[in-house]
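Here is a short briefing on one protein chain. Look over the sequence and the model first, then read the points below.

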Amino acid sequence: MFLNDAVCTVDLHSFPPAFTSFVGKLSSSKEFHWLASCSFGIITCKLVYSITGFISTFCFKGYRKLSNKEKVEWNNRGFSTFHALIAALASLYLLLFSDLFDEESSDELIVNRTSIISNMILGFSIGYFLSDLAMVFWHFPALGGLEYLLYLYQVLHHGLSMFSIFLSLISSQGQIYILMVLFSESTTPFVNLRWYLDVAGQKSSTIYVYNGIALFFGWLIARIFLFIYFFAHMLDHFDQVKKIFPLGFYSLLTVSPVLASMNVAWFWKIIKGLIKTVSKARYSQ
């Protein structure tokens, strides 16, 4: 009985009506969901970064021998992989398994369709890109290495991604195309695993070769074929795309080709790397 009496509950009705109205509107507003999901993304990245370093200390013998620069990038790629898995799985669900973008599920224009889940995953991704960019700038040139072009690629990619996601969030338009691009993050775990194996001195291992092959096909599907479908879908629904607000419309027409060109350029590097890796593996046999 004493415990029950000791429990304190907050009664919003005891506060001024203006305050309770503000709290009610805030908790149910889209802006609150965006801010909450973005903050959650930033906090999650920090947690995964720390957890990656903690687990790696005990599970990977070579981690202790890494330089501080390599440890920073090792941990950074941990939350990079985590975000990639969350973003890719959520995008796959929303695009294929939910009826959100099903042509016959609603009379609403497909470019105007959103959901709480789609808004929150976009906000979460903004949190990730902000965290990753902050890490890049803070630890430069540790992240991205001394290869200045790689550094510029990362900054440009993240900057364009955040800009596009932000426009889609505030306008509630074009989310289908943002989610298609986010699904291309599914190749990130293979990119990160390649780096992990390289640092661990496993470039001559079988798993390095298999990962290179998986990266090749993953990139081909998620960043080449998917972008071809992206532009075909946009062309097929161009009458709806034109109804996106001006800045969003023109950014869709300019940012997506830039990202596609970057994907093609890196795909060429992946092809050359795979040929080199396979050739070495055959030669060693």
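The second largest pocket has a volume of about 310 Å³. Its lining counts 17 residues, and those closest to the pocket centre are Phe60, Trp74, Tyr196, Leu197 and Ala200. This is a predicted model.

**The second largest pocket**
- Two elements, α3 (30-59) and α8 (188-199), each give two or more residues to the lining of this pocket.
- The largest share of that lining comes from α8, with 6 residues.
- Sorted by class, the lining holds 12 nonpolar, 4 polar and 1 charged residues.

**Overall fold**
- The chain has 11 helices and 0 strands.
- Contacts with a separation of 6 or more are 75% between residues 24 or more positions apart.
- Of the 285 residues in the chain, 44% count as buried.
- The accessible surface of the chain is about 16,500 Å². Carbon and sulfur atoms hold 69% of that surface.

**Nonpolar cores**
- In soluble globular proteins, nonpolar side chains tend to be buried together.
- Here the largest nonpolar core has 45 residues. Leu122, Ile165, Tyr177 and Val241 have the most contacts inside this core.
- At least two residues of this core come from each of α3, α4 (68-97), α5 (116-139), α6 (148-171), α7 (175-183), α9 (206-236) and α11 (246-284).
- The element that gives the most to this core is α5, with 8 residues.
- Another core, of 8 residues, lies apart from the largest one. Leu215, Phe216, Leu220 and Phe267 are among its residues.

**Tyr177 in the largest core**
- Tyr177 is one of the residues with the most contacts inside the largest core.
- Which residues does Tyr177 contact, leaving aside its neighbours within four places in sequence? They are Val111, Phe230, His233, Met234, His237, Val241 and Leu252.
- Val241, one of these partners, is also among the residues with the most contacts inside the core.

**Ser131 in α5**
- Ser131 lies in helix α5.
- Is Ser131 buried or exposed? Ser131 counts as buried because its relative accessibility is 10%, and the cut-off for buried is under 20%.
- Leaving aside neighbours within four places in sequence, Ser131 is in contact with Gly41, Ile42 and Cys45.

Conventions:
Residues are numbered from 1 along each chain as its sequence is written. This is a predicted model: local features need pLDDT of at least 70, side-chain atom pairs count only at pLDDT 80 or more; totals for chains, interfaces and linings use all residues. Side-chain values use heavy atoms; hydrogens and water are left out. Helices (H or I, at least four residues) and strands (E, at least two) are DSSP runs, numbered from the N terminus. Buried means under 20% relative accessible area, exposed over 50%, partly exposed in between (1.4 Å probe, protein chains only). Contact means heavy atoms within 4.5 Å. Accessible areas come from the Shrake-Rupley method with a 1.4 Å probe; for residues, only the protein chains shown count as cover. On a 1 Å grid over the protein atoms alone, a cavity is a set of points where a 1.4 Å probe fits but cannot get out, and a pocket is an open set with protein on both sides within 12 Å along at least five of seven lines; lining residues have an atom within 4 Å of a point. Grid points are joined across faces, edges and corners, and a volume is the space filled by probe spheres set on the points. Ala, Val, Leu, Ile, Met, Phe, Trp, Tyr, Cys and Pro count as nonpolar, Asp, Glu, Lys and Arg as charged, and the others, Gly among them, as polar. A nonpolar core is a set of buried Ala, Val, Leu, Ile, Met, Phe, Trp, Tyr and Cys residues joined through side-chain atoms within 4.5 Å.
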